[in-house]
Amino acid sequence: MSRLDAAALRSLQAGDELPPLLTEPITRLTLALYAGASGDHNPIHVDIDFARRAGAPDVFAHGMLGMAYAGRMLTSALPPSALRSFGVRFAAVTRVGDVLSCRAKVVERVAAASGPLLRLELSATDANGDLKLIGDALVAVG
Amino acid sequence: MTTMIDRNFIGHELPPHTALVEAGRLRLFAKAIGETDPVFSDEAAARAAGHPGLPAPPTMVFCLDMDVADPFGYLADMGVPLQNILHGEQRFDYHAPIHAGDRLSFRSRIADIYARKGGALEFIVKQTRVENQDAVLVAELRAVVVVRNPSGSAA
């Protein structure tokens with residue numbers, strides 16, 4: 001996937017979508033790698049015995065893994081330095097085997113002293129269309 | 001037993017800490033999140049794209065804030081069991097880029113604690129300011145941790 005060029009970025013208008021990102025299926029290896037790389041060693045994400053004692057049927061993904069995927073979608077289209085803000089609300093737990101589809105839609109163009117910005121509406125859903133996270137981002141396109 | 005969190009923790013400051021942004025850590029993180037763009041793992045590709053070093057993916061700064069002996073210690077201090085928490089919300093405000101080689105300083109405080117559903121759910125808001133080695137503010141983070149109190153009246 002290549003980044004949008006400057007002209008393509010400048011021409012984005014309300015209602016336009018960034019190229020969506022479809023993740024690989026989330027495996028137990030994904031969760032183990034993410035635990036190690038992120039430093040979030042909460043056992044509920046990697047230790048099924050702990051998860052069951054906590055009343056969960058199985059381990060489940062770190063919420064921040066879903067947000068990292070949404071971030072991947074943003075930096076696939078834009079240089080990382082273009083991000084001004086990025087926020088999400090986690091709506092549901094992501095489980096082993098889930099495939100996430102991350103989307104971003106332009107809500108509005110915002111004029112700022114530093115140059116034009118786009119406000120984006122973000123979402124990640126699983127293969128059934130169930131919402132896993134919803135959020136927003138502000139990105140510079142000047 | 002209802003475990004309501006002591007509201008005196010509002011305003012509580014966590015011990016500040018620093019973390020070095022290591023290239024190897026960024027490569028492992030890129031692998032973990034399925035990021036295959038060489039800009040995030042190959043120094044030469046990063047420089048060719050105009051970065052002074054490997055750039056940190058957008059959520060990486062959250063992870064570096066966990067580089068302390070016990071990243072959940074502040075929850076334990078508040079009497080919150082780890083198995084009862086969920087990450088409810090996360091926000092980043094970015095002020096300057098973060099690259100491999102940077103040394104980041106983190107200062108966090110508990111900005112708010114509030115209850116919903118008759119105390120069945122409590123929310124802890126943690127805000128963090130991150131500066132780099134040049135004392136430049138690079139990011140501000142806002143995390144909302146949801147605590148499920150099994151014995152809350154609406155549980």
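Predicted model: local features only at pLDDT ≥ 70, side-chain atom pairs only at ≥ 80, totals over all residues.
Residues are numbered from 1 along each chain as its sequence is written, while chains are lettered from A and ligands numbered from 1 in the order in which they are written.

Chain A comes first. Four helices and five strands make up its set of elements; here helices (H or I, at least four residues) and strands (E, at least two) are DSSP runs, numbered from the N terminus. Along the sequence, the order in chain A reads α-β-α-α-α-β-β-β-β. Two residues count as in contact if their C-beta atoms, placed from the backbone, lie within 7 Å. Among contacts in chain A with a separation of 6 or more, 64% join residues 24 or more positions apart.

Next, the meeting of the two chains. Chain A brings 33 residues to the contact and chain B brings 28 residues. On the side of chain A that touches chain B, two or more residues each come from helix H2 (28-38), helix H4 (63-77) and strand S2 (83-90). H4(A) gives the most, with 11 residues. There is also strand pairing, which takes at least two DSSP bridges between two strands: S2(A) and strand S2 (residues 85-94) of chain B run antiparallel over five bridges. In S2(B), B:Glu89 is the bridge partner of A:Arg89.

Then there are the cores. A nonpolar core is a set of buried Ala, Val, Leu, Ile, Met, Phe, Trp, Tyr and Cys residues joined through C-beta atoms within 7 Å. The largest has 62 residues, and A:Tyr69, A:Ala70, B:Leu26 and B:Val61 have the most contacts inside it. H4(A) gives the most to this core, with nine residues. Domain 1 (1-21 + 56-155) and domain 2 (22-55) of chain B both give residues to this core, so it lies between them; the domain bounds come from an automatic or database domain assignment. Beyond its neighbours within four places in sequence, B:Val61 touches B:Ala56, B:Phe92, B:Ile98, B:Val130, B:Ala139 and B:Leu141. A second, separate core has eight residues, including B:Ile110, B:Ile113, B:Ile124 and B:Ala143.

Note on methods
Buried ≥ 20, exposed ≤ 12 C-beta atoms within 10 Å, placed from the backbone.
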